[in-house]
Amino acid sequence: MIGRLNHVAIAVPDLAAAAATYRDMLGAAVSEPLELPEHGVTTVFVDLPNTKIELLAVLGEDSPIAGFLARNPRGGMHHVCYEVDDLEAACAHLHARGVRVLGDGRPKIGAHGKPVVFLHPADLCGTLVELEQV
């Protein structure tokens, strides 16, 4: 059902500093920041030959990563994102097996302009998983 790894997301307390680390120290191509108010984050993508790293920063008081950063003030891995061909079918398959979709259960449009859902970490080995339809 899941396809390739789309990205690994890292929550960071300072997006500009984190982007500079990847760009200046590691020599990676780094995108411009993109605000996603509906997700409560500002994101930057680091392009790698085989996947992407998504750097996430808090946007607004209701940001879902604010609590994560409160517990992990230096930041850390937040979630992994896998591609799926049919998000609706994937959600039905997972729901039938007891996996919970976070939020209202309906896909939202993600940073790549494609439908995404997040799956409860307690149902998937303690890892927050994002599924993105490709």
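**View 1. Strand β6 and its neighbours.** Strands β1 and β6 run antiparallel to each other and pair over 6 bridges. This is a predicted model, so please read each close-up with that in mind. Within the pairing, Ala 11 has Gly 76 of β6 as its bridge partner. β6 also pairs with β9, this time in the parallel sense and over 5 bridges. Here you can find Cys 81 standing opposite Glu 130 in β9. How many of the 9 residues of β6 are buried? The count is 7, and the strand is mostly covered.

View 2. The side chains of Glu 83 and Arg 4 meet here, with an N to O distance of 3.3 Å. The pair links distant parts of the chain, as Glu 83 sits in strand β6 and Arg 4 in the segment before β1 (5-11), 79 residues apart. Is Glu 83 buried or exposed? Glu 83 counts as buried because its relative accessibility is 13%, under the 20% cut-off. Arg 4, at 42% relative accessibility, counts as partly exposed.

View 3. Asp 123 and Arg 100 bring their side chains together in a salt bridge of 2.9 Å, N to O.

**View 4. The salt bridge of Asp 104 and Arg 106.** In this pair, the closest N and O atoms are 2.9 Å apart. Arg 106 counts as exposed because its relative accessibility is 57%, over the 50% cut-off. If you are keeping a tally, the model has 4 salt bridges in total, including this one between Asp 104 and Arg 106.

**View 5. The largest pocket.** About 660 Å³ of space lies in this pocket. Which elements give two or more residues to its lining? They are β4 (41-47), β5 (52-58), β6 (76-84), β8 (115-119) and β9 (129-133). The lining is made up of 36 residues, and those nearest the centre of the pocket are His 39, Pro 64, His 78, Phe 118 and Leu 128. Sorted by class, the lining holds 17 nonpolar, 11 polar and 8 charged residues.

How values were computed: Residues numbered from 1 in each chain as written. Predicted model: local features only at pLDDT ≥ 70, side-chain atom pairs only at ≥ 80, totals over all residues. Heavy atoms only, no water. 1 Å grid on protein atoms, 1.4 Å probe; cavity = no way out; pocket = protein on both sides within 12 Å on 5 of 7 lines; lining within 4 Å. Points joined across faces, edges and corners; volume = space filled by probe spheres on them. Helix = DSSP H or I, 4+ residues; strand = E, 2+ residues; numbered from the N terminus. Nonpolar A, V, L, I, M, F, W, Y, C, P; charged D, E, K, R; others polar. Buried < 20%, exposed > 50% of the residue type's maximum accessible area, 1.4 Å probe, protein only. Pairing = 2+ DSSP bridges.
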